[in-house]
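Please look over the structure shown here together with its sequence.

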Amino acid sequence: MPVPVYGRREPEHTVLWQCVREHLPAFLSGTAQADRALPEFVRKELQGFLTCGVLEKGCARVVCRGCGFERLVGFSCKGRAVCPSCVARRMSDTAAHLVDRVFPAEVPMRQWVLSVPMPLRYLLAWDTELLGRVVRIFTAAVARHLRTAAPREPGVRRREDLHVGQVCSVQRWGGSVNLNIHLHALVTDGVFVRDADAPLRFEGLPEPTTGQIGAVAWEVCQRVVALLRKRGQWLDAAPEAD
């Protein structure tokens, strides 16, 4: 199988592609003989990556109308996990969309990150419904902190009249390409105030203190543990070994 050609590939993409091509057959064979077979979506992601940018798997002919220069561009795999080119392209497109169409240019943003213990990472990786609940708990706790930290505005009777803008993304990988479910939230560094007789305006807040960050983390911890107990997925004590 030839090395992928997609315009100009990054060196790390080609190295990773060659590594996957070399070791994937043995890896699939080994997992097939193990007690737990490799999930089908993982196998498809890895095999799809090997088709990314390979001209024999499909390509488009691109021609410059000015100089007549031509180039064949291989189709991408559109993977969401392994392929660095496709993941980077999706990341760039998402960032451009948020900057150009979602976030107000004059409003400062702050990143909040939620990391979870190792056993919970595996549980969240497989239980998407639970992951969605944890995302809502996390974002609600951050929003509640901002509403509480905001000074009482004249004409604002309820904390619910203070609005917070945020976008939360689920990150599934760690720095070693290991499974590491954690959350990244971009949150307005302040609140939007809606007065009865005035247009919506933004009020910035000072940098959160260590104590305030700890309070948010503790609230998230308590609510997630309560949710796991309700779902029968929490053990208050480790089971005794036989």
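## A partly exposed tyrosine

In this predicted model, tyrosine 122 has a relative accessibility of 43% and therefore counts as partly exposed, since that class lies between the limit of under 20% for buried and over 50% for exposed. Tyrosine 122 is placed in helix α4, which covers residues 118-126.

## The packing of α5 and α6

Two packed helices are described by the angle between their axes and the distance between the axes. Helix α5 (residues 128-149) packs with helix α6 (residues 210-230) at an angle of about 145°, and their axes are 10 Å apart. The crossing of α5 and α6 is right-handed.

On the side of α5, the residues that make this contact include Leu130, Val134, Ile137, Phe138 and His145, while those of α6 include Val216, Glu219, Val220, Arg223 and Leu227.

## The chain as a whole

The protein chain contains six helices and eight strands, and from the N terminus on these elements follow the order α-α-β-β-α-β-α-α-β-β-β-β-β-α. Where contacts in the chain link residues at least 6 apart in sequence, 58% of them join residues at least 24 apart.

The protein chain has 242 residues, of which 30% count as buried. Its accessible surface comes to about 15900 Å², and 56% of this surface belongs to carbon and sulfur atoms.

Methods:
Residues numbered from 1 in each chain as written. Predicted model: local features only at pLDDT ≥ 70, side-chain atom pairs only at ≥ 80, totals over all residues. Heavy atoms only, no water. Helix = DSSP H or I, 4+ residues; strand = E, 2+ residues; numbered from the N terminus. Buried < 20%, exposed > 50% of the residue type's maximum accessible area, 1.4 Å probe, protein only. Axes fitted to C-alpha atoms, helices over the stretch in contact; angles between N-to-C directions. Left-handed = near helix turned anticlockwise from the far one by under 90°. Contact = heavy atoms within 4.5 Å. Areas by Shrake-Rupley, 256 points an atom, 1.4 Å probe, with all protein chains shown as cover.
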